[in-house]
Amino acid sequence: MNHRNDFAEGIRNGIPIALGYFFVSFAFGITGSGFGLRWWETVLISMLNLTSAGQFAGVKVIAAMGGYTELALTQLVINLRYSLMGISLSQNTDESFGTAGRAALGFGITDEIYAVAVNRETPVTKLYFLGLMTLPYIGWSGGTLAGAIFGNVVPAMLSEAMGLALYGMFIAIVVPKAKESRSTLLIVLLSIAISCAIYYIPVLSKHISVGFAVILCAILASIAGAILFPIADEGEEAKS
């Protein structure tokens, strides 16, 4: 199979993600500088990580002089969902993924990159995934640099509004699939209902962190989808 165009396809698919990441990470650059981090320290955090919620929470722990254990646990809780995404996406990768490819997948997977990759009609190749994560990585690091250096000259209202770009990307990814599939729409609505329940019910919002809330929404909605809309195995389809 010829995969020479896969990298270019991944680059094209990563452009809108990169644009959204630039504006979201711009806000992170401002936050890092506001907490007293040097510009290069803030940028280094973005270059070594690729997680919006995890980074925002991490710099708050650092600013509060929290310990390594607290920082590690915070990141584990918030970013644990990426393990689930990695396991899920690995079911749709081809044989070209070696050790280096799996390491790149583990580092580069995010909510948006996962959503684009898992919905690819053909198996995800190593070159496609590398292309898909390249521009978002540059956009995330570049936006952080711009925010850390130039954030002070940008009006506060504008910098805060930049964070809304992330929600726009989620909508752009989910809505088309929900319009195509009734089962997908119902699962999306169920996950929204679970998320709202966790947020608005005091006893739940008090004891469930943001990271665990995302994990619970994903797991419970997935279980409901598997029960309500099971997909037949290839062997069963062949017999029918």
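Me: How many salt bridges does a search of the whole structure find?
Reply: The search finds four salt bridges, and please keep in mind while reading on that this is a predicted model.

Me: Okay, take R120 then. Which residue does R120 form a salt bridge with, and how far apart are the closest N and O atoms?
Reply: The partner of R120 is D6, and the closest N and O atoms of the two are 3.4 Å apart. Because R120 lies in the loop between α7 (111–118) and α8 while D6 lies in helix α1 (residues 6–34), this pair ties together parts that are 114 residues apart in sequence.

Me: Is R120 buried or exposed?
Reply: R120 counts as buried, because its relative accessibility is 11% and the cut-off for buried is under 20%.

Me: Which residues are linked with R120 in a network of salt bridges?
Reply: The network links R120 with D6 and E9.

Me: And D111, which side chain does it meet in a salt bridge?
Reply: The side chain of D111 meets that of R81, with a distance of 3.1 Å from N to O. This pair links distant parts of the chain, as D111 sits in helix α7 and R81 in helix α5 (residues 81–90), 30 residues apart. Both D111 and R81 are buried.

Me: What about R38, which residue is its salt-bridge partner?
Reply: R38 forms a salt bridge with E41, and the closest N and O atoms of that pair are 3.2 Å apart. E41 is partly exposed, with a relative accessible area of 22%.

Me: Let me step back to the whole chain. How many helices and strands does the secondary structure come to?
Reply: The secondary structure comes to 14 helices and zero strands, so the pattern read along the sequence is α-α-α-α-α-α-α-α-α-α-α-α-α-α. Of the 240 residues of the chain, 36% count as buried.

Me: Changing topic to the surface: which residues form the nonpolar patch?
Reply: The nonpolar patch on the surface is formed by W39, W40, L44, M47, L48, L145, I149, F150 and V153, which together have about 920 Å² of accessible area.

Me: Which helices each supply at least two residues of the patch?
Reply: Those are α2 (39–48) and α8 (126–150), and it is α2 that gives the most to the patch, with five residues.

Me: Can we look at W39? Where does it lie?
Reply: W39 lies in helix α2, and it counts as partly exposed because its relative accessibility is 47%.

Me: How do the axes of α2 and α8 cross?
Reply: The axes of α2 and α8 come within 9 Å and cross at roughly 160 degrees. Because of that angle, α2 is roughly antiparallel to α8, the cut-off for that description being over 145 degrees. As for the handedness, α2 passes α8 in a right-handed crossing.

Me: And how do the axes of α7 and α8 cross?
Reply: For α7 and α8 the axes come within 11 Å, with a crossing at roughly 150 degrees. That angle is why α7 is described as roughly antiparallel to α8. The crossing of α7 and α8 is right-handed.

Me: Moving on to α3: is K60 buried or exposed?
Reply: K60, which lies in helix α3 (residues 52–63), counts as exposed because its relative accessibility is 52%.

Me: What separates the C-alpha atoms of K60 and T31?
Reply: The C-alpha atoms of K60 and T31 are separated by 9.0 Å, although the two residues are 29 residues apart along the chain.

Me: And what about A53, how far is it from Q75 in sequence and in space?
Reply: A53 and Q75 are 22 residues apart in sequence, and from C-alpha to C-alpha they are 9.0 Å apart in space. Like K60, A53 lies in helix α3, where A53 is partly exposed with a relative accessible area of 30%.

Conventions: Residues are numbered from 1 along each chain as its sequence is written. This is a predicted model: local features need pLDDT of at least 70, side-chain atom pairs count only at pLDDT 80 or more; totals for chains, interfaces and linings use all residues. Side-chain values use heavy atoms; hydrogens and water are left out. Patches are made of residues with over 30% relative accessible area and no salt bridge: like charges are joined within 9 Å, nonpolar side chains (Val, Leu, Ile, Met, Phe, Trp, Tyr) within 5 Å. Accessible areas come from the Shrake-Rupley method with a 1.4 Å probe; for residues, only the protein chains shown count as cover. Helices (H or I, at least four residues) and strands (E, at least two) are DSSP runs, numbered from the N terminus. Buried means under 20% relative accessible area, exposed over 50%, partly exposed in between (1.4 Å probe, protein chains only). Axes are lines fitted to C-alpha atoms, for helices over the stretch in contact, and angles run from 0 to 180 degrees between N-to-C directions. Angles under 35 degrees count as roughly parallel, over 145 as roughly antiparallel, 65 to 115 as roughly perpendicular and the rest as oblique. A crossing is left-handed if the near helix is turned anticlockwise from the far one by less than a right angle, and right-handed if clockwise.
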